[in-house]
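Open the model in a viewer and keep the selection panel at hand. The stops below are given in the order in which to select them.

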There are 2 protein chains.
Amino acid sequence: MKKEYLYSPGPTTVPPEALSVMGAPMFHHRTARFRALFGEVVEGLKRVLQTGNDVLVFAASGTGAMDGSVANVCSLGDRVIMVNGGKFGERWGQIGRAYGLDVDEIMLEWGTGVTPAQIKEHLTDQVKAVYIQLCETSTAVATDVQGIAEVVGKTDAILVVDAISGLLCDELLTDQWGVDIVVAGSQKGLMIPPGLAAVAVSKKAWGLVKKAALPRYYFDFVKHKKSVDKNDTPYTPAVSLIRALRETLALVEAEGRDTMLANAAKYAKAVRAGMEALGLKLFSQSPSNAVTAVLMPEGADGAEFIKILRDKLGVTFASGQEALKGKIFRIATMGYLNDFDVLTAVAAVEHVLRAMNVSFTPGAAVRAAQELLVG
Amino acid sequence: MKKEYLYSPGPTTVPPEALSVMGAPMFHHRTARFRALFGEVVEGLKRVLQTGNDVLVFAASGTGAMDGSVANVCSLGDRVIMVNGGKFGERWGQIGRAYGLDVDEIMLEWGTGVTPAQIKEHLTDQVKAVYIQLCETSTAVATDVQGIAEVVGKTDAILVVDAISGLLCDELLTDQWGVDIVVAGSQKGLMIPPGLAAVAVSKKAWGLVKKAALPRYYFDFVKHKKSVDKNDTPYTPAVSLIRALRETLALVEAEGRDTMLANAAKYAKAVRAGMEALGLKLFSQSPSNAVTAVLMPEGADGAEFIKILRDKLGVTFASGQEALKGKIFRIATMGYLNDFDVLTAVAAVEHVLRAMNVSFTPGAAVRAAQELLVG
């Protein structure tokens with residue numbers, strides 16, 4: 001009878017509407033039926049990403065699309081700026097070096113975000129592309145994408161934003177802000193299981209693609225564009241996930257993109273208020289609405305905290321990654337959530353702290369969160 | 001009330017046991033629960049592939065794993081042999097050239113297979129790897145992998161076999177025959193939806209991986225091996241598909257690998273007998289047990305044939321690809337099939353030919369197939 005609650009920053013809870021279509025019989029993808037489905041999904045993604053640019057969809061996890069966003073726009077030795085403020089920013093650098101790029105890696109103190117001024121300082125005529133995160137999932141830091149886009153937009157460089165965890169939580173106006181490549185993943189705000197990734201590619205980015213000499217095949221943007229223009233894919237698509245995505249995109253449409261963003265902001269604010277009411281410290285100096293990182297109370301064991309939550313209470317939070325392992329816990333406020341789910345997450349922290357004999361004012365977190373949720 | 005029947009050479013029918021788990025609530029992948037699941041799936045794949053070699057699993061379609069099987073073992077300018085006997089052999093060449101390899105492409109007449117003697121003729125000391133298909137899906141040709149492995153095994157070159165469509169239909173004894181890299185895909189004999197791919201990598205292949213200088217990240221074999229050794233994945237895995245795969249691997253185990261292979265052989269033989277009883281000609285000169293390619297009767301329109309089957313009868317066959325479009329049709333005998341499903345496929349051909357006013361002896365195909373199925 002133990003109910004399960006998923007507050008990990010990916011995967012997130014998949015709504016029943018999407019779960020049920022994945023249990024439906026398989027069908028062939030080289031058909032009008034698939035093309036109609038795929039066309040609808042691509043249009044839905046464009047609305048979510050607020051873009052008229054090409055949107056390409058891959059059977060892959062988000063990292064695959066990150067890989068493609070390097071291989072398709074650069075040549076060996078190209079100078080790129082990659083911002084490393086956590087585990088996913090670090091990944092940009094790993095990909096860049098794997099491809100033999102000249103990576104100007106901006107190392108941030110974990111918990112802080114990069115500023116437009118910092119990017120400006122590093123931008124030279126040689127820089128081909130700037131790689132950042134909308135939300136750095138490992139530190140719960142939101143980036144000032146709009147400000148950075150303004151700076152990068154004045155140069156020949158393109159701006160590539162990993163929006164995998166931030167999408168539909170932290171605002172991202174692809175075309176209005178001038179973001180050249182946006183990377184999206186399926187198992188966060190898009191509310192379906194992992195295994196699907198997408199990129200939106202601007203005209204300016206296509207200009208680089210033409211000249212980019214790095215080898216690529218599976219994630220070849222040109223091949224994917226040729227296919228998507230016919231509502232098709234160059235290689236076998238992940239049909240069951242695409243079907244699920246049609247359902248969640250319809251839910252986003254019904255809820256309203258703006259409402260989802262406003263809700264994520266409200267939920268994250270409520271979680272932060274709840275944690276602070278317990279005397280806990282927040283880790284991020286520029287908190288994202290997608291996920292909240294909270295420092296473990298002094299002396300409490302982070303691994304035990306996560307374990308009690310999962311094994312006793314059925315609640316999944318994420319621990320910290322790398323150097324933050326056991327030192328923080330993270331609560332996601334992405335996707336399929338309502339006020340009561342947020343209250344449950346906050347209450348779960350009280351329950352586990354009580355089990356661990358950490359002292360706090362009982363009910364303080366729930367009361368603080370509730371105040372903001374009903375307000 | 002129209003029932004749907006899927007005889008396309010991927011995707012194949014997904015058994016209800018696998019469909020239902022994809023409709024179950026999502027859970028987090030950085031957990032003991034996932035590691036237990038993933039470990040089980042990897043062991044199951046090893047049994048299917050008859051290998052003690054490392055098996056790596058990717059969130060990707062089969063083409064992604066083909067891409068990785070080039071990028072991980074070669075360096076720029078390396079000499080490779082790639083056999084092009086159809087659309088998927090052609091893909092090896094495309095990948096090889098995308099990565100700047102010196103591709104010795106053996107062009108076959110479509111419908112024929114490459115022989116060990118031909119491979120031997122092309123093998124020089126410079127050749128790093130030989131790329132072939134177990135079953136060339138586009139032409140329904142099975143390759144003599146055992147014979148080719150014997151030839152390649154005597155050299156420093158490795159043998160890479162795309163077994164995506166042939167797996168569990170045409171025999172493949174990875175270790176016994178000495179196949180260095182086997183590529184598998186999810187939506188064929190493995191009976192789950194597309195979006196998951198795997199490779200088995202031999203010690204000899206790992207030797208090449210160490211020296212291979214081509215850039216790679218998402219499909220980096222070394223990163224995947226480090227993770228799979230801990231029953232984990234380097235990037236977010238396609239959890240719902242992995243769950244489904246556990247179910248179908250259990251079905252394979254229960255049915256017996258040998259029984260599945262024997263059944264595929266029996267089914268393909270019955271389909272061929274049925275088609276020949278109608279006076280139709282088979283396209284493949286070395287027929288696979290995974291799929292049967294049949295030449296359209298003189299004067300009958302291939303597109304209309306496929307359309308009537310799908311729209312009127314609910315039956316999905318595949319048409320020909322590229323130059324064979326409209327000239328052949330293909331009936332898969334992969335995965336979740338029994339005698340009655342094969343009879344239905346064969347009967348469907350009679351039904352559509354009758355609808356198209358093609359003359360034949362009524363019931364001849366069904367009778368011929370049934371004779372072999374009950375025999």
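Start with B:Gly100, which comes after helix 4 of chain B and has a positive phi, near 70°. The coordinates are a predicted model.

Step back and select helix 4 of chain B itself. Its 12 residues reach 16 Å from the first C-alpha to the last, close to the 16 Å expected at 1.5 Å a residue. Colour the buried positions of this helix: B:Phe88, B:Gly89, B:Arg91, B:Trp92, B:Gly93, B:Ile95 and B:Gly96. Now show what covers them, which includes helix 3 and strands 3 (79-84), 4 (102-107), 5 (127-133), 6 (135-136) and 8 (158-162) of chain B.

Next, display both chains and select the contact between them, with 43 residues from chain A and 43 residues from chain B. On the chain B side, the elements giving two or more residues are helix 1 (16-22), helix 3 (62-71), helix 4 (87-98) and helix 10 (239-255). Which of these helices gives the most? Helix 3 of chain B does, with 4 residues. Coloured by residue class, the side of chain B that touches chain A shows 24 nonpolar, 16 polar and 3 charged residues.

Finish in chain A at A:Val183, in strand 9 (residues 181-185). A:Val183 counts as buried because it has 25 C-beta neighbours inside 10 Å, where 20 or more are required. Beyond four places in sequence, its contacts include A:Ala65, A:Met66, A:Ser69, A:Val161, A:Ile164 and A:Val199. A:Gly62 is another contact of A:Val183; the two are 121 residues apart in sequence, yet their C-alpha atoms are 7.2 Å apart.

Key:
Residues are numbered from 1 along each chain as its sequence is written. Chains are lettered from A and ligands numbered from 1 in the order in which they are written. This is a predicted model: local features need pLDDT of at least 70, side-chain atom pairs count only at pLDDT 80 or more; totals for chains, interfaces and linings use all residues. Two residues are in contact if their C-beta atoms, placed from the backbone, lie within 7 Å. Ala, Val, Leu, Ile, Met, Phe, Trp, Tyr, Cys and Pro count as nonpolar, Asp, Glu, Lys and Arg as charged, and the others, Gly among them, as polar. A residue is buried if 20 or more other C-beta atoms lie within 10 Å of its own, exposed if 12 or fewer, and partly exposed in between; C-beta atoms are placed from the backbone. The expected span of a helix is 1.5 Å times one less than its number of residues.
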